[in-house]
Amino acid sequence: MSTLTVASDPQDAAAVEAVESHHTHLAGELAGQVSMLLDAAVRDPGGADGVRTGLVAFCDRELLPHAAAEESVLYPAAHGTTEARLLVDGMLAEHRRIEALVGALRAAPTAVHAAVEAKALQVLFEEHLRKENTLVLPLLAASPDVSLAGLLEGMHDLLGGHEHAEGPEGAGHAEGEEAPERSGGCGGGCACGGPDAGEAPELDVREVPHALRHATVFGALGAVPAGRGMVLVAPHDPLPLLAQIEDRDPGAFSVEYLERGPQAWRLRLTRH
C-alpha cells in the first residue's frame, strides 16, 4: 500500500491493496495514452485523431465506469461518516470535472486542443486517485462499522482483475539473455523500415516511476494502430515487459532494437 493504513481486519487491508493496485494500473495506462497523444499532436497531427479516439475509448471503458462504481459503493459509505462528508462532496465534484474533460477531449476541434484537454484530465485524475488512496480508503478500512471487503466484493470496476503482474526486474529471463526478435522483427515483415518509420512516436519511460512503468507502456501500445509503431526508450533491456506484451497479445507486435544501452535501450514496436 502507498500509505500506512490501519485496517479493521486483514480482508479490508487486502481490499485496500487491491484498489490501490487498480489505481496504479489506471493511472499508468492513462499516462501512456496521453503521452502518445501529446507526441502525435507535435509530430503527426493528421494521425492524432486515431490516438484521441483510442484515449476516449479507454476513458469510456475504464475511467468513467470506475468513477461510477465509486459513487455507487465507496462514496455513500464514506459520506455517512462525519469525518469524510465534505471530502466526499469534493470528490464527487471532481468526478463531474473528469466527465467534463472527457467530453471536451471527445469534442476538441484540433489535435492541440485535444492534447491540452488530455493533459488536464491526467493531472486531475492522478490527484484524485491520490486523495482516494491517502484519505478515503484508509478511513473506510479503519472504520469498525464498514466492511470494505464486503462493499467491494465482485466490483471489478474498482478492483480490476485484468491487469498482469509486473514481477521483479529481469524476471523470466536469464541474465544477459537477449530478447527474441518477434516475427518480422527488423527483417522486413514489419513496418520498421517503411516510410513512416521516422514518424513513430517515442515513449521514454526512464523517468516514469517503476510501479507505473509497465502500465504506461501498455496504455501507449493501446493507442498504436495496425501498421504503425512507437519507439520505447527504457533504462534497461525490457525483457520482462516484452514477455508481458507477447502474453497479453500474442504475435501482435514486431520488435526491433535500435540501441542496446548502456544508458538507454531504444526499441521500435510495430503493430501487425
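Mentor: Start with aromatic pairs: a search of the whole structure finds zero. Rings of Phe, Tyr and Trp (its six-membered ring) pair if their centres lie within 6.5 Å, with planes under 30 degrees apart counted as stacked, over 60 as edge-to-face and the rest as tilted. This is a predicted model, where local features need pLDDT of at least 70, side-chain atom pairs count only at pLDDT 80 or more, and totals for chains, interfaces and linings use all residues. Residues are numbered from 1 along each chain as its sequence is written, and side-chain values use heavy atoms, with hydrogens and water left out.

Trainee: What makes Arg248 count as lying over the face of Phe218?

Mentor: A charge sits over a ring if NZ of Lys or CZ of Arg is within 6 Å of the ring centre and within 35 degrees of the ring normal. Arg248 is at 3.9 Å from the ring centre of Phe218. Arg260 lies over the face of Tyr257 too, at 3.7 Å from the ring centre.

Trainee: Why is the contact of Glu29 with Arg248 called a salt bridge?

Mentor: The term needs a side-chain nitrogen of Lys or Arg within 4 Å of a carboxyl oxygen of Asp or Glu. The closest N and O atoms of Glu29 and Arg248 are 3.8 Å apart, so the pair qualifies. Glu29 is in helix α1 (residues 10-43) and Arg248 in helix α8 (residues 239-248), 219 residues apart. The whole structure has 14 salt bridges.

Trainee: Why are α2 and α3 called roughly antiparallel?

Mentor: Helix α2 (residues 48-79) and helix α3 (residues 85-107) pack at about 165°, with axes 10 Å apart. Angles over 145 degrees count as roughly antiparallel, under 35 as roughly parallel, 65 to 115 as roughly perpendicular and the rest as oblique. Therefore α2 is roughly antiparallel to α3. Their contact has 14 nonpolar, two polar and nine charged residues.

Trainee: What makes α2 parallel or antiparallel to helix α4?

Mentor: α2 and helix α4 (residues 111-142) pack at about 25°, with their axes 12 Å apart. That angle makes α2 roughly parallel to α4.

Trainee: Where is Pro262 found?

Mentor: Pro262 is in the loop between β3 (253-260) and β4 (265-271). A cis peptide bond joins Gly261 and Pro262, with omega about 5°.

Conventions
Axes are lines fitted to C-alpha atoms, for helices over the stretch in contact, and angles run from 0 to 180 degrees between N-to-C directions. Helices (H or I, at least four residues) and strands (E, at least two) are DSSP runs, numbered from the N terminus. Ala, Val, Leu, Ile, Met, Phe, Trp, Tyr, Cys and Pro count as nonpolar, Asp, Glu, Lys and Arg as charged, and the others, Gly among them, as polar.
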